Amino acid sequence: MSGIDICELGKQWGAVVAVDRVSFRVAEGSLTVLLGPSGCGKSTILRLIAGLENVSSGSISIGGNEVTHLDAARRGVSMVFQSYALFPHLNVRENILFGLKVRKISQSERRSRLEEAAHMVGLEDLLNRKPAQLSGGQRQRVALARSIVSRRRVCLMDEPLSNLDAKLRAEMRDEIRSLQKKLGLTMLYVTHDQVEAMTMADQVVLLRKGRVEQTGRPHELYERPQTTFAAQFMGSPPMNLLKLDLIEDRSALAAACGGSLPAARFADGYVGVRPEHVRVGQSGLPVRVSATDYLGAETVLRMVHGGQTVFGKIDGHRRYNPGEQLHVSWPEEAVHRFGADGIRIEDPQRVSS
Amino acid sequence: MPAAILLIAFTHYPTVATVIDSLFSKATAIRPSRFVGVLNYQRMLDDPIFWKVLANNAWFALGTIPTSIALAILMALFVNRSIPGRSLVRMAYFTPTVLPMIAVANIWLFFYTPDIGLIDQIASWFGFSGHNWLGDPTTVLPAIMVMTIWKEAGFFMIFYLAAMQNIPPELEEASQLEGATRWYYFRRVMFPLLMPTTLFVLVNAVLNSFKLVDHLFVLTKGGPDNASNLLLYYIFETAFSYFETHFAAALTVVLLILLSVMALLQFFVLDKRVHYR
Ligand SMILES: Nc1ncnc2c1ncn2[C@@H]1O[C@H](COP(=O)(O)OP(=O)(O)O)[C@@H](O)[C@H]1O
Ligand SMILES: [Mg+2]
């Protein structure tokens, strides 16, 4: 029993509302990613769960027990900090065993847990080094090992990979995920990087200004974003959102959307299309090429229609010159509709199909 | 090169000159100064005041240094919490240091004055009779020590505060999550991380305790009966009241040796335990 239940959680500092009635559930043994732009309250939520900040309102339960006002040490959670929080004067071994010593766990038990954890994260040969003598990735592993030896079922991580370079980040991402699965940890993982969220999460909680914007599996957020914010946060380049008020040529738009959508349905709000669904051809919405980025396997085209930017992702290497006039279209199924308030409008036909 | 010239002019030359001076006798009207070898040093060994002053200094250092360091850490811990009016409190602690020493000594003279001084006035409310704090050989050194602690603790607190602000708060949070008490965290994490500061402060405190002269000048002139006399003040007296410049030079050499030995000891002994980077 180690699932986390967050109910109507709130945190204020004076007039600043950092967390506003946030609710979600992390199933036991699963990995939930708290995703959102910087300053949206991710770290605050994590710290509230850990017990490092006092809750203003709402409740937190871990493993079915309410812990809202419980002392941090007694909540049974371990935490990996963004800065790793290693003790600079202690060597790797002492850093890993710090908590076990505090809790007066026997010498033999300490030794066996250390061995196991060091083996798991590949630190066996570095136990006598000080943190300053380790690379970023190795420090990260020490922080992981410290969390592993605690044998706590719930692990909180605050942007653990943000200090690593891109290659190492991809490696550690896989490693953390497989560790979490192997040990059956209940993990809450904070990041602002949607790639981490997409690749690691069982469930993503997307936050915006202290509120939950959308909760769901990664592919649900990607394929069925509930708001324009969610639509644009997931994916790179982001989803194209065409503001309908600004498009004069409605018949061209209808043609671009597959031609079968009645023009009356396009009164106001937004039409959203993922860049990978954009097709360049002879018919549809007229656009002008403003830039091309060749990325190897694909080319990202940046185009403009009436002041609105349209991204297109096209296989392989195709040359387009800036200023060139093209037409873009996309399949009807690829269209997402959002109202003027930014909230998704479900297409009754599509939901039933 | 200019640095070398400055160093020689202001440091090396006076040191060498002092050592040479200490090997000569005092010039009198009938006899000029002459080379006497270690005679001045032998005289020192036979001088009861020298031993008394040295013992005073040892007591003074032992009595002031640990207490002012402990107080400095306590005050820094207190100020390091986010309390309202933090900068004001910080300023208040720092005041003893920015005040000129002579002014400080005068304030304390007012505290210690028999009968009409602040301490005796407060004591009289509780029915205690007046006491001549600075005139009694048994209380004069402790009285000066209290004043020194007050002054040094505020000064050292600033260094500790700066060092504490450099310790990432996650370290405390991480140990809190592991179930460590605040005391455990202080003992096992914060204090070791403050070691470089402690070393720095310790060296300064020891040097200061052997260099103290201005307070004595205002408060006690080393008296009564040399009960509050310290090495540097004794040198000052020997040189400028008794005009025993060569004997004073010998005393100075001893002071220099003491200071160097202590500084070296601290650096080499403590160094091993300090450097964790
Ligand atoms: N100790 C604090 N005092 C006041 N405001 C804070 C404090 N900690 C965080 N905040 C505010 O709360 C909001 C959320 O911060 P945070 O949870 O750190 O965001 P994130 O981790 O998503 O970048 C921010 O606006 C931040 O300024
Ligand atoms: Mg954060």
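This is a predicted model: local features need pLDDT of at least 70, side-chain atom pairs count only at pLDDT 80 or more; totals for chains, interfaces and linings use all residues.
Let's start with the whole interface. Chain A brings 24 residues to the contact, and chain B brings 17 residues. Together the two chains bury about 1,800 Å², and carbon and sulfur atoms give 68% of that area. On the chain A side, three residues stand out: A:His89, A:Phe98 and A:Val102 supply 28% of the area that chain A buries against chain B, more than any other three residues.

Now for a pair of helices that meet across the interface. Two packed helices are described by the angle between their axes and the distance between the axes. In this case the partners are α2 of chain A and α9 of chain B, with axes 13 Å apart and an angle of about 150 degrees. Because angles over 145 degrees count as roughly antiparallel, α2(A) is roughly antiparallel to α9(B). The crossing of α2(A) past α9(B) is right-handed.

Which residues make this helix contact? The table sets them out, helix by helix.

| Helix | Residue range | Residues in the contact |
|---|---|---|
| α2(A) | residues 92-102 | A:Phe98, A:Lys101, A:Val102 |
| α9(B) | residues 182-193 | B:Tyr184, B:Arg188, B:Val189 |

Sorted by kind, the residues of this contact come out as four nonpolar, two charged and no polar.

Charged side chains also pair up between the chains. How many salt bridges does the rule find across the interface of chain A and chain B? There are two. As for a salt bridge between named residues, the side chains of A:Arg103 and B:Glu178 meet in one, at 2.9 Å from N to O.

Notes:
Residues are numbered from 1 along each chain as its sequence is written. Chains are lettered from A and ligands numbered from 1 in the order in which they are written. Side-chain values use heavy atoms; hydrogens and water are left out. Axes are lines fitted to C-alpha atoms, for helices over the stretch in contact, and angles run from 0 to 180 degrees between N-to-C directions. Helices (H or I, at least four residues) and strands (E, at least two) are DSSP runs, numbered from the N terminus. Angles under 35 degrees count as roughly parallel, over 145 as roughly antiparallel, 65 to 115 as roughly perpendicular and the rest as oblique. A crossing is left-handed if the near helix is turned anticlockwise from the far one by less than a right angle, and right-handed if clockwise. Contact means heavy atoms within 4.5 Å. Ala, Val, Leu, Ile, Met, Phe, Trp, Tyr, Cys and Pro count as nonpolar, Asp, Glu, Lys and Arg as charged, and the others, Gly among them, as polar. Buried area is the accessible area (1.4 Å probe) that two parts lose on being put together, summed over both. A salt bridge is a side-chain nitrogen of Lys or Arg within 4 Å of a carboxyl oxygen of Asp or Glu.
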